[in-house]
Amino acid sequence: EKGYETGEHAPGLKLGGGGAYKAAHHIIKTHAKVWHSYNNKWRSKQQGMVGISLTSSWGEPVDPHSQTDRDAAERYIQFHLGWFANPIYRGDYPEIMKNYVGRKSAQQGLGTSRLPTFSVQEKTYIKGTSDFLGIGHFTTRYAIQKSFPFLQVSSYHTDRELAELVDPKWPAPGPNWLYSVPWGFRRLLNFIKTQYGNPLIYVTENGVSEKVQCTQLCDEWRIEYLKGYINEILKALNDGVNVKGYTAWSLLDKFEWNKGFSERFGFYHIDFENKNKPRYPKASVDYYKKIISANGFPNPREVMS
């Protein structure tokens, strides 16, 4: 959406209400082709795995007793994660996406939906092309129904007919979009379990950046964030979700989309002004080391000794 519709990210194209859907359509078909290529040529020799990594926030209804709010939250997640995961695990785009984009396209007087369609052969070819699901997850939003005025140029954003809200009490140590809401991760993982047949999951990205340069390298909010989110993954494991691995985002401060070097996600602080780019460990390094060596939360008595 940011690369092919709003143009915020590379390649910076503004292709109207169909650009993001077309780009995604090609990504999904290309992914399937790569999976089949590996499956046919190399799997028998190498016994490797090919998966896809999808980044998704969690969408929670503002009022869980309101059907309208529950529907808005369902649309949030289906337009986010389901857009890519549904074709791969169930053979087609989510019904809710097809209905909403199709209806909006018809209202605009378009002969066909802005959401492309898969042929019967393509659906069969794409379904099942993931040996594991990589999940990048950072934050949660409340979703509420919102009707946009009729627009000749609808977009991915308006197609969903929802507004995203946050709770002002949620900690927001990093950028303006990244609120710490650990319980959303457990719900997302359980959603994946029930929707896609409990696939093997690797958490490929999870972490938080900082708004201000942390001069003392004492990033206690990152420690709290990691503690909260890893704890919810452990709860999801107890729920029977098939999570096999976890990777924090990220080892080093680095170039971050259109924010460049200003948004720092790293365990290690990089001095970008210095031509040698020296690296300094933040407090979270020690904390995460203990989690790695204990393969979970360490026993406090063991840490003391």
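This is a predicted model: local features need pLDDT of at least 70, side-chain atom pairs count only at pLDDT 80 or more; totals for chains, interfaces and linings use all residues.
**Exercise 1. A pair of strands**

Which residue in β6 does Ile-135 stand opposite?

*Solution.* 
Step 1. Find the residue pair. Ile-135 stands opposite Val-203 in β6.
Step 2. Find the strands. β3 covers residues 133-136, and β6 covers residues 201-205. The two pair in the parallel sense, over 4 bridges.
Step 3. Go on to the next strand. β6 and β7 also run parallel, joined by 3 bridges. Tyr-202 has Gly-245 of β7 as its bridge partner. Ile-201 has Val-243 in β7.
Step 4. The order is β1-β3-β6-β7, an open sheet of 4 strands with parallel pairing. β1 (52-55) and β7 are the edge strands, and each pairs on one side only. On average, neighbouring strands here are turned by 30° against each other, direction ignored.
Step 5. Recall how such pairing works. Strands of a sheet pair through backbone hydrogen bonds, either parallel or antiparallel.

**Exercise 2. The other sheet**

Describe the sheet that contains β2, β4 and β5. Why is one side of β2 and of β5 left without a neighbour in the sheet?

*Solution.* 
Step 1. Read the order. It is β2-β4-β5, an open sheet of 3 strands with mixed pairing.
Step 2. Look at the edges. β2 (58-61) and β5 (162-165) stand there, each with a single partner strand, so one side of each has no neighbour in the sheet.
Step 3. Check one pairing. β2 and β4 (residues 140-145) pair in the parallel sense over 4 bridges. Trp-58 stands opposite Thr-140 in β4.

**Exercise 3. Helices on the sheets**

*Solution.* 
Step 1. Take α3, residues 67-90. This helix lies across β2, β4 and β5, at about 125° to β4. α3 also lies across β1 and β3, at about 155° to β1.
Step 2. Take α7. This helix lies across β3, β6 and β7, running at about 155° to β3.
Step 3. Name the contacts. Among them are Trp-183, Phe-185 and Leu-189 of α7, and Tyr-229, Ile-233 and Ala-236 of α8.

**Exercise 4. Two residues compared**

Is Ser-250 buried or exposed? Is Arg-279 buried or exposed? Describe the surroundings of each.

*Solution.* 
Step 1. Locate Ser-250. Its place is in the loop between β7 (243-246) and β8 (268-270).
Step 2. Apply the cut-off. Buried means under 20% relative accessible area. Ser-250 has 7%, so this residue is buried.
Step 3. List its partners. The Ser-250 side chain reaches the backbone oxygen of Leu-252 at 2.9 Å. Leaving aside neighbours within four places in sequence, Ser-250 is in contact with Phe-265, Gly-266 and Phe-267.
Step 4. Turn to Arg-279, in strand β9 (residues 279-281). Exposed means over 50%. Arg-279 has 56% relative accessibility, so this residue counts as exposed.
Step 5. List its contacts. Not counting residues up to four places away in sequence, Arg-279 touches Leu-252, Tyr-268, His-269 and Ile-270.
Step 6. Compare sequence with space. Arg-279 and Asp-253 are 26 residues apart in sequence and 9.0 Å apart in space, C-alpha to C-alpha.

Key:
Residues are numbered from 1 along each chain as its sequence is written. Side-chain values use heavy atoms; hydrogens and water are left out. Two strands pair if DSSP finds at least two bridges between them. Contact means heavy atoms within 4.5 Å. Axes are lines fitted to C-alpha atoms, for helices over the stretch in contact, and angles run from 0 to 180 degrees between N-to-C directions. Buried means under 20% relative accessible area, exposed over 50%, partly exposed in between (1.4 Å probe, protein chains only). A polar contact is a pair of N or O atoms within 3.5 Å; within protein, one must be able to donate a hydrogen and the other to accept it, and residues adjacent in sequence count only if both atoms are side-chain atoms.
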